[in-house]
Amino acid sequence: MATTNKKESLRGMFFTWALLTAIGLVISVYAPSRLMPRSMSDNMHLTILTIIVFSVAAAPVAAGVYAVALHALRHWMHRGDDVPAPASEQTREHATLTVSWVLASTLLTVFLLIWGLGALAVDNGGNGANPLVVNVTGQQWLWTFSYPGSNVQSPTLVLPEGRTVDFHITALDVTHGFWIANMGVQVDANVGTTTELHTTPNQLGQFDVRCTQFCGLNHAFMVTTGTVVTPAQFSTWLATQAKAQKA
Amino acid sequence: MKRSKAFGTAVISIVLGGGALALAGFALASAAPHQAPLQCQPIAGSPGNCTLTISSYPDSLAGEHGTTGGAHADWVSYSNYNLDVPANTTVHMVIKQYDSGGSLNNAFFSHVWGTTTGTATYSIPSTDGKTYSKPAALSVVDTNNIGHTFTLRGVPGNGTPIFVSIPLPANPATNSITIGSGTYSSPVLVSFTFKTGSKGVYEWNCEFPCGGSREGQFGEAMSSYGYMSGTVTVK
């Protein structure tokens, strides 16, 4: 009788796990691309893909935890004020379960490690043959951008599509955080230090540049806009700005 | 019975805790400086245009902090920090700059940005403060001789994008004039125009490091609302 109850109990837990895993997989596949900012660079595409893969890998594990927790809440919760009686039977030293758990955890961890190192290597890869250098300066509470070689400065960021951009990032007063969510670019801007970061915009359109370090009174307003334009439009913009700022 | 009593205690604790937090927030909000916005005055016979004049002082004795200067009388300040301007209007702004100056930490802000002409008009007093230079339209001023900047910018998604930044040269005059309970010298006069778009709230602040010594001179007056920063509301 006890064995039948145990089998039914495990079957119920398995179905709960299967259902929660299915829900988790659906959320893992569809939520990131819909909830995260629109991808406008290879970096952001890789970031979204990594989050999807990690979420898919985590879904059955999370579902297992929730299935056991739900099962315990439903079947093993003691009601009443009296002291609960000792359990009739306990599972101890279950070799198959222990080995399976350790093996699954190891495989999962190694997979995540290899994927993560691969993604990091791609993210930190070369910055192309002809990168566009943009100097980024953060100060309370504005971003300013300059384009070396052209003497152009701007309070907004304009980038050409398809060309690797090499950001040289620094700060003048306190630590700021240079963040372009749409491009998967985020790094601290530190006083007295220039940090390099590169990305390749691959979608035309507008994006926001925000500060991610709480940097003082108007930190919340340390936001500016950026635009990815075609290479021809970028050349025209740069020439126009150079002429206007020379005058 | 015990359980319901514990539940009741938890609910009362949460309500009282939330109430205490709300009270503390209300007290802080009430203690923050409030100033009636300075309205952009319509220019007679010139629809779609208005004029606004503010001042920058080396202390807080002549502006909205009163003749006592408030809590920090020695802090630099602008005369007004909340400004109201109409939508889709050309704003003719004048800033009287009474303070001395020094070097900017970012040459970007020695340029004039976002005005309708690409320039601002500068009139500098003589050392004795009795005469003024002929007004000159400039797009950039000496990076090493700046008193303050008036830098106005929008927040993406809120109203028409605006970015206006005006460098205010250091005041060379040494004469004495009294305004409020402060003693100053004849001001540098800076005038410029910019156009507003749709309704929205914009932030402005000074980008010359003129606050306390901490945080790269961006502490104290630069880090406290109502001295070197404020809002422009386009209505």
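**A note on the two-chain model**

1. Of the 29 residues of H3(A), zero are buried, so this helix lies largely in the open. Buried here requires 20 or more other C-beta atoms within 10 Å of a residue's own, with C-beta atoms placed from the backbone. Helices (H or I, at least four residues) and strands (E, at least two) are DSSP runs, numbered from the N terminus.

2. A word on the source: this is a predicted model, in which local features need pLDDT of at least 70, side-chain atom pairs count only at pLDDT 80 or more, and totals for chains, interfaces and linings use all residues. Residues are numbered from 1 along each chain as its sequence is written, and chains are lettered from A in the order in which they are written.

3. Back to H3 of chain A, residues 95–123: its first and last C-alpha are 42 Å apart. That is close to the 42 Å expected at 1.5 Å a residue, taking 1.5 Å times one less than the number of residues.

4. Where the chains meet, 19 residues of chain B and 18 residues of chain A take part, contact meaning C-beta atoms within 7 Å, placed from the backbone. On chain B's side, E9(B) gives the largest share, three residues.

Methods: A residue is buried if 20 or more other C-beta atoms lie within 10 Å of its own, exposed if 12 or fewer, and partly exposed in between; C-beta atoms are placed from the backbone. Two residues are in contact if their C-beta atoms, placed from the backbone, lie within 7 Å.
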